[in-house]
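Here is a short tour of a protein model, written to be read with the structure open beside you. Please keep the viewer handy as you go.

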Amino acid sequence: MEYKFVLSKWFALGNDLRTHIVLNPFAGRWKGAKLYHKIASYARFLKHIEKFQLTTAPGEAIQIARETNAELVVAAGGDGTVNEVVNGILQSGTEKLLGVIPVGSGNDFARMLNLKPFKIKLAIESIRKRKITASDVGLIQFSDEKGNFYERFFINGVGIGFDAMVANESRKIKHLRGIPLYLLSIFRTLSKYKTPEMEVYIDGRLIKDKIFLVAIGNGISAGGGFLLTPHAKINDGVFDVCLVNDLSILRILQVLPTVLKGKHINYPEVRMFKAKEIEIRSNSNLTMHADGEILGTELRWIKITIIPSAVEVISNK
């Protein structure tokens with residue numbers, strides 16, 4: 001399948017952009033629902049709000065963003081909500097501008113836009129001022145052990161292996177957000193994780209080994225602030241790839257704290273790459289997340305390709 005994208009001249013519409021706000025009330029452990037009235041109050045400063053809609057189930061924001069006639073679609077939620085809105089925009093076949101109100105557990109992509117979590121007034125003001133930047137997007141193609149084929153876009157990052165298992169574990173924890181949530185998920189995952197052998201092709205270069213994790217970043221962080229790909233940029237036309245070889249539990253505990261500052265890249269078990277295409281094969285079941293959302297736990301083949309400047313997004317920079 002071929003995808004082509006053309007940047008729009010949003011400023012030609014002045015203040016007449018039709019706006020559709022999509023709020024995930026489940027985001028941030030129901031933080032989205034608690035902030036509904038505050039978001040609605042500040043949203044009055046935006047002109048031409050066509051709809052303010054709450055989602056009721058996973059995947060619904062994809063359909064909303066795909067079918068809306070609005071030129072500006074605002075994702076109010078976490079990275080998962082942003083992911084769904086991006087998928088809907090790209091599936092729609094029409095040019096739509098992305099806005100973000102970060103009220104999720106991680107809000108990692110919002111950090112790339114200089115938006116602070118739960119600062120509703122700041123996010124609305126950035127949408128009103130409309131400083132626009134282009135963001136690259138990744139296309140994931142993957143299949144499971146039964147040969148079923150899938151496609152999905154992502155805008156912040158993908159994790160395969162341990163990172164994805166941690167994301168999967170975090171869904172079971174209901175009382176925490178951000179880094180505390182991710183830390184507890186890590187320690188729960190450590191007790192049961194077995195490092196798989198993978199064939200990883202990075203722009204055609206083969207690495208075959210027992211791989212602890214593969215993190216593919218368009219943004220710098222995952223899990224609410226873990227800087228797995230600390231030098232990534234959302235509009236440089238390449239992914240940053242963090243590949244970590246098999247580690248003992250003791251070594252994991254040594255490396256883990258350094259990820260918070262992006263210093264893990266200095267360890268010999270960690271290899272960093274710039275790439276436009278990554279392909280992964282394994283005879284073991286692999287778990288993968290995209291923007292924190294679990295896409296599968298029994299995957300055998302994964303291909304990730306960058307699409308430069310695929311979406312225009314409102315930034316606070």
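Leu253 counts as partly exposed because its relative accessibility is 37%; buried would mean under 20% relative accessible area and exposed over 50%, with partly exposed in between (1.4 Å probe, protein chains only). This leucine is found in helix H9, where helices (H or I, at least four residues) and strands (E, at least two) are DSSP runs numbered from the N terminus.

## How to read the values

This is a predicted model, in which local features need pLDDT of at least 70 and side-chain atom pairs count only at pLDDT 80 or more, while totals for chains, interfaces and linings use all residues. Residues are numbered from 1 along each chain as its sequence is written, and side-chain values use heavy atoms, with hydrogens and water left out.

## The enclosed cavities

How many cavities of 30 Å³ or more are there? The count comes to 2. On a 1 Å grid over the protein atoms alone, a cavity is a set of points where a 1.4 Å probe fits but cannot get out, a pocket is an open set with protein on both sides within 12 Å along at least five of seven lines, and lining residues have an atom within 4 Å of a point. Grid points are joined across faces, edges and corners, and a volume is the space filled by probe spheres set on the points.

The largest cavity holds about 210 Å³ of space. Its lining has 17 residues, and Phe212, Leu213, Leu228, Leu256 and Val259 are the closest to the centre. Two or more lining residues come from each of helix H7 (162-170), helix H8 (178-190), strand E9 (205-217) and helix H9 (249-259). H9 gives the most, with 4 residues. By class, this lining has 15 nonpolar, 1 polar and 1 charged residues; Ala, Val, Leu, Ile, Met, Phe, Trp, Tyr, Cys and Pro count as nonpolar, Asp, Glu, Lys and Arg as charged, and the others, Gly among them, as polar.

The second largest cavity contains about 70 Å³ of space. Of its 14 lining residues, Gly157, Ile216, Gly217, Ala222 and Thr229 lie nearest the centre. Strand E7 (157-161) and E9 each supply at least two residues of this lining, and E9 gives the most, with 3. The lining of the second largest cavity has 6 nonpolar, 7 polar and 1 charged residues.

## The largest pocket

Now for an open space: the largest pocket has a volume of about 1100 Å³. It is lined by 44 residues, and those nearest its centre are Arg29, Gly80, Arg171, Gly292 and Glu293. Helix H1 (27-34), helix H3 (60-67), helix H4 (79-92), H7, H8 and strand E13 (293-315) each give two or more residues to this lining. Its classes are 12 nonpolar, 21 polar and 11 charged residues.

## Salt bridges

Side chains of opposite charge can pair when their charged atoms come close. The whole structure has 13 salt bridges, each being a side-chain nitrogen of Lys or Arg within 4 Å of a carboxyl oxygen of Asp or Glu. In one of them, Glu71 pairs with Arg18, with the closest N and O atoms 3.0 Å apart. This pair links distant parts of the chain, 53 residues apart: Glu71 is in the loop between H3 and strand E3 (72-77), and Arg18 is in the segment before strand E1 (19-23). Glu71 is buried at 16% relative accessibility, whereas Arg18 is partly exposed at 35%.

Glu169 forms a salt bridge with Lys192, the closest N and O atoms being 2.8 Å apart. Here too distant parts of the chain are linked, with Glu169 in helix H7 and Lys192 in the loop between H8 and strand E8 (197-202), 23 residues apart. Glu169 is buried because its relative accessible area is 7%, while Lys192 is partly exposed at 45%. Shared partners join Glu169, Lys172, Arg188 and Lys192 into one network of salt bridges.
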